[in-house]
Amino acid sequence: MSPIAEAIALAAPSFTGQLLQPTDHAYDDRRHVHNGLIDKRPAAIASCQGVADIVDAVRLARTLGLEVSVRGGGHNVAGRATIDQGLMIDLSPMKGIQVDVTSRTVRAQGGVLWRELNRETQLHGLATTGGVVGSTGIAGLTLGGGVGWLMPKYGLALDNLRAADMVIADGRVVRASPDENPDLFWAIRGGGGNFGIAASLEYGLHQVGPMVTGGVVAHPLVRAFDVLRFFRDTCASLPDEAMLVAGLQTAPDGSNAKLVGILGGHCGPLEQGEAAFRPLKACGPPVMDLMGPLPYTALNGMIDPAFPKAARNYWKAQFLADLNDEAIRTLIAAFQECPSPMSHLIIEHFHGAASRVPVTATACPMRITGFNVVIASQWMGSEETDRCIAWARDTFSLLTPYLAPTRYVNYLEDDAPDPAAVAYGPNLSRLRGIKTKYDPENFFRHNVNILPN
């Protein structure tokens with residue numbers, strides 16, 4: 001019996017979940033993550049049912065000297081949720097959600113997805129900033145920042161975090177909150193998975209929906225320059241209740257027609273949302289208008305079909321110094337060369353509450369009013385891999401003259417140069433000190449890694 005098999009046999013009687021090895025039936029299903037380009041084979045998978053399982057998994061990895069990865073939703077595009085020849089600590093079975101309507105809070109376990117959290121909170125007309133793709137895990141998105149339709153009004157997902165129960169590198173369970181381990185609480189709000197495993201997270205909730213205003217309007221690519229200038233100028237005067245995103249994409253109807261779209265969400269009263277988005281519907285006019293009242297849960301799942309599980313993905317993303325006319329022309333020209341109809345160029349607008357938080361108030365330095373460009377190269381067949389990756393890299397290179405220094409940690413590709421510096425910016429030095437306190441041996445390093453001092 002191998003040392004891993006022997007250690008698993010010793011741990012299994014008290015382990016509530018599953019301890020999977022490559023020969024086990026469920027192993028292949030659990031090792032796969034959202035991005036089909038990622039094909040790693042862990043030495044074992046600890047599929048956890050509760051906090052005690054997470055603690056045992058950490059101890060097992062330490063006993064065997066294995067590196068670890070942590071899987072919540074498995075949505076990270078760089079594939080950091082899985083690992084070759086290490087131990088994947090899989091939280092996906094941990095689905096507990098408890099809504100407290102009186103205090104307007106929700107506590108959820110680390111394997112919960114945003115569509116699952118939204119479904120429960122919306123029973124009470126409540127929500128917190130969550131991912132724009134419903135199959136994204138709450139833990140990974142929150143610890144890295146948390147972009148969502150509510151961020152101009154209520155801040156990033158991490159701005160709504162009230163506390164988290166963490167399993168840290170020595171196997172202890174600690175609570176991170178403003179009153180308990182406040183340095184750790186500061187660090188996990190933007191520092192990703194560097195400091196421990198989020199077994200559960202508690203969020204503040206806000207009165208949202210159940211009906212909001214949102215959707216998409218789309219135009220032919222030939223109008224893209226005018227539409228993107230209109231998008232840029234409209235973003236300059238948006239209320240906090242509204243968020244807009246522009247996208248260059250191929251029509252999903254099989255026509256291969258290239259389109260430019262503006263997606264929007266407005267969390268205020270329906271009449272205010274209708275008034276705010278009326279100019280979007282009048283501009284052009286669009287060839288497709290799906291903008292209007294819809295359930296908040298539908299808004300958060302609106303683009304899910306465009307990002308199917310098992311599609312191959314390679315992304316690059318960075319904020320722009322300015323969405324000027326030359327940057328717009330560069331984006332349009334690059335999209336015209338796009339080799340896959342599944343790929344997108346996405347321009348996210350940041351403003352409002354998320355942008356007004358001081359840079360050092362949390363570990364996340366992404367406190368910007370402006371535009372983040374996401375080059376989302378996506379395809380299905382392995383024969384397309386080389387040219388689809390090359391297109392993303394070439395497009396990013398063409399955008400170099402227009403880029404600002406800031407990059408969003410949750411979008412960082414695995415081969416990004418000096419990732420910690422570009423992700424954490426002026427907060428990196430303080431983060432390294434906290435890393436030294438809670439994880440001096442850098443046990444949690446399969447991430448955008450913060451080195452201890």
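Which residues does N35 touch, not counting residues up to four places away in sequence?

Modeller: This is a predicted model, in which local features need pLDDT of at least 70 and side-chain atom pairs count only at pLDDT 80 or more, while totals for chains, interfaces and linings use all residues. Residues are numbered from 1 along each chain as its sequence is written, and side-chain values use heavy atoms, with hydrogens and water left out.

Leaving out residues up to four places away in sequence, N35 touches V77, A311, R312 and N313, where contact means heavy atoms within 4.5 Å. N35 sits in the loop between α2 (27-31) and β2 (44-47); helices (H or I, at least four residues) and strands (E, at least two) are DSSP runs, numbered from the N terminus. N35 counts as buried because its relative accessibility is 2%. The term buried means under 20% relative accessible area, exposed means over 50%, and partly exposed lies in between, with a 1.4 Å probe and protein chains only.

H344 belongs to strand β18 (residues 344-350). With 9% relative accessibility, H344 therefore counts as buried. A polar atom of the H344 side chain lies 3.0 Å from the backbone oxygen of M342.

N442 lies in the segment after α15 (428-438), and because its relative accessibility is 9%, N442 counts as buried. The side chains of N442 and N449 are joined by a polar contact of 2.7 Å. Besides N449, N442 touches K435, I450, L451 and P452, not counting residues up to four places away in sequence.

Strand pairing comes next. Strand β5 (residues 97-100) pairs with strand β6 (residues 105-109) in the antiparallel sense over four bridges; two strands pair if DSSP finds at least two bridges between them. I97 stands opposite A108 in β6. Four residues lie between the strands of this hairpin, in which R104 takes a positive phi near 55°. β6 also pairs in the antiparallel sense with strand β10 (residues 197-204), over five bridges, and V106 stands opposite Y203 in β10.

The structure holds one cavity of 30 Å³ or more, and the largest cavity has a volume of about 40 Å³. On a 1 Å grid over the protein atoms alone, a cavity is a set of points where a 1.4 Å probe fits but cannot get out, and lining residues have an atom within 4 Å of a point. Grid points are joined across faces, edges and corners, and a volume is the space filled by probe spheres set on the points. Residues that line the largest cavity include G144, C364, R407 and Y424.

Methods:
Polar contact = N/O pair within 3.5 Å; in protein donor to acceptor, adjacent residues only side chain to side chain. 1 Å grid on protein atoms, 1.4 Å probe; cavity = no way out; pocket = protein on both sides within 12 Å on 5 of 7 lines; lining within 4 Å.
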